Amino acid sequence: MNIVPEPLSLASQLAHDYIHHFERVSGFYGEDYRGEQGYAERARWLDLSEDKRVSRKALTDCLRMYNTKHNDHPAVHKSLQLLEQPGTLTMVGGQQSGLFTGPLLVVYKAMTVIQAARDAEERLNRAVVPVFWIAGEDHDWDEANHTYFLGQDQKLSKIKLEAKDGLRTSVSYTDVAEEDWSEMLKELQNQLADSEFKADLLKLARETFNESANLSEAFAKFMSRMFGKYGLILLDSADPALRALEVPVFKSLITRNESLGLSYQQAARDIAGLGYEVQADVSENGANLFYLHEGRRLLLYREGRMFTDRKGLVSLTDEELLRDLDQHPERFSNNVLTRPIMQDSLLPVLGTILGPGEISYWAITRYAFTDLGLQMPLIIPRMSFTMVDDTIHKLMERYGLSFNDVQYRLSEKREAWLASKDELNLEARFDETRKQFEELYQPLIEDLGRMQSGLLKLGQTNKDKILGQMDYLLTKSRNALELQHEAALAQWNRIEQTLLPEGKHQERVYNILEYMNHYGMNLVDRLMEIPYEASGIHRVVYV
């Protein structure tokens, strides 16, 4: 593999400044991850704040049960043994469950978690274990239930798992029937091109689905097959056993809810005041907690001492909510703003691995950490890649395209290339013809208008129709030119659909199985050999 840095512009200016101009935004974050001092200061604080987190023994017992069921590797059990020991730190990253693991960026995030943990161990000369936080409590089924492949017709193809009950409940609580898994296997078989690795991939998917009751379990098992050997501990945020351990943290989030809400609101105002976009919704009376009611996951709002949802399906006083928490902790879950607090209250988090959007919304939580007597962990940018195979690379060279051309100027480059093939010089000749026609016809129309006023309007209408017919003929001529170079334009389309599908970065769309089918079952192991970088700079992998 040849690895080439190719910086891409980030959609979030706040994330861009965090990565490239930390001093501008340092007030919204913790220690600077770039230097040794940041790691040392964070580790020192974690050593002094062990009592602020749940019991290591209870946590590792819970994680051991979960990982024995879904991620049973010797290296994982070694990581758990280390985590149980005082002084061991964690590097954490997370993502919502996704079908067949979802987009490539999920794999890249897990890679970063593992490599960042190794890097931190060397920096600090102490144990740092990798943890992947599966956001199984998330109820956005329509975001988790699908993934994309590149069809053999060079068009984007979507595989989607339909939910049967239609309830807005946590993904980990949404059961998937055996026949639905079978349908997903059929879809996968249809999507994957024939290759020497296809049978093994289908076997992997079949075994995974046979052992999974829901999408989160299937996600965990896929991640285990790829990363268990590297000691990656998996955690499902919707695990009932884990939820029971979180009761004291939820109590703090409820009893200090108004103060926390003010902290989020102040951070949002400060972020907006510096000209940055606020990346998450910060409601004035938002409780930033979810409550499971009759199978529905409801976002709570605070009205005085009452907690209710927008539709009024539930309405509880803070005392009632706390009592319910003691009896039914599984009914409670975090939103995007309280999850960082929960993560830091469970694990000794040295650093958390985030993508650009996540870096932006974590800034909203900075004051809330302080409000609860916590400190924000190091925030480390996720590694970002685009894979380019030899065929695509050769096509790019054939048409003189750089990676940046593909990302930012592909339509312009394609039009310029097609224009260079226009031997008849269609655009210029039609422009000249149009100009000459108007120069000859407009004076005639004006003379006719002086002869009879009604002829001016009629003549103008007539001229517009003729010009319209010229435009129509030009369009047909362009179509004929494109048809003449159909094979070449299909190659341009292949470049675009492979590297920038639907205008999005490759890593945000395609599934890892697409690439394992081409490059082998050991593709993830080969990607793990790419040198670790915490720069946040995008890199192109020429496979």
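Predicted model: local features only at pLDDT ≥ 70, side-chain atom pairs only at ≥ 80, totals over all residues.
**Helix 18 and helix 23**

Two packed helices are described by the angle between their axes and the distance between the axes. For helix 18 (residues 390–398) and helix 23 (residues 486–499), the packing angle is about 125° and the axes lie 10 Å apart. Helix 18 and helix 23 are therefore classed as oblique to each other. The crossing in which helix 18 passes helix 23 is left-handed. Helix 18 contributes Thr391, Ile392, Leu395, Met396 and Arg398 to the contact, while helix 23 contributes Gln491, Arg494, Ile495, Thr498 and Leu499. Sorted by class, the residues in this contact of helix 18 with helix 23 are five nonpolar, three polar and two charged.

**Strands 7, 8 and 9**

Strand 8 (residues 296–303) pairs with strand 7 (residues 286–293) in the antiparallel sense. Strand 8 also pairs in the antiparallel sense with strand 9 (residues 306–308). The two pairings are set out in the table.

| Strand pair | Bridges | Residues between the strands | Residue with positive phi |
|---|---|---|---|
| Strand 7 and strand 8 | five bridges | two residues | Glu294, near 50° |
| Strand 8 and strand 9 | three bridges | two residues | Gly304, near 65° |

Tyr301 has Thr308, in strand 9, as its bridge partner. The positive phi of Glu294 occurs in the hairpin of strand 7 and strand 8, and that of Gly304 in the hairpin of strand 8 and strand 9.

**The chain as a whole**

The chain contains 25 helices and 15 strands. Its C-alpha atoms fill a box of roughly 95 × 60 × 50 Å along the principal axes. Of its 543 residues, 52% count as buried. Among contacts between residues at least 6 apart in sequence, 75% join residues at least 24 apart.

**Gln484**

Gln484 is found in helix 22 (residues 453–484). Residues over 50% relative accessible area count as exposed. Gln484 has a relative accessible area of 60% and is therefore exposed. Between Gln484 and Val107 there is a separation of 377 residues in sequence, and their C-alpha atoms are 41 Å apart in space.

Methods:
Residues numbered from 1 in each chain as written. Heavy atoms only, no water. Axes fitted to C-alpha atoms, helices over the stretch in contact; angles between N-to-C directions. Helix = DSSP H or I, 4+ residues; strand = E, 2+ residues; numbered from the N terminus. Parallel < 35°, antiparallel > 145°, perpendicular 65-115°, else oblique. Left-handed = near helix turned anticlockwise from the far one by under 90°. Contact = heavy atoms within 4.5 Å. Nonpolar A, V, L, I, M, F, W, Y, C, P; charged D, E, K, R; others polar. Pairing = 2+ DSSP bridges. Buried < 20%, exposed > 50% of the residue type's maximum accessible area, 1.4 Å probe, protein only.
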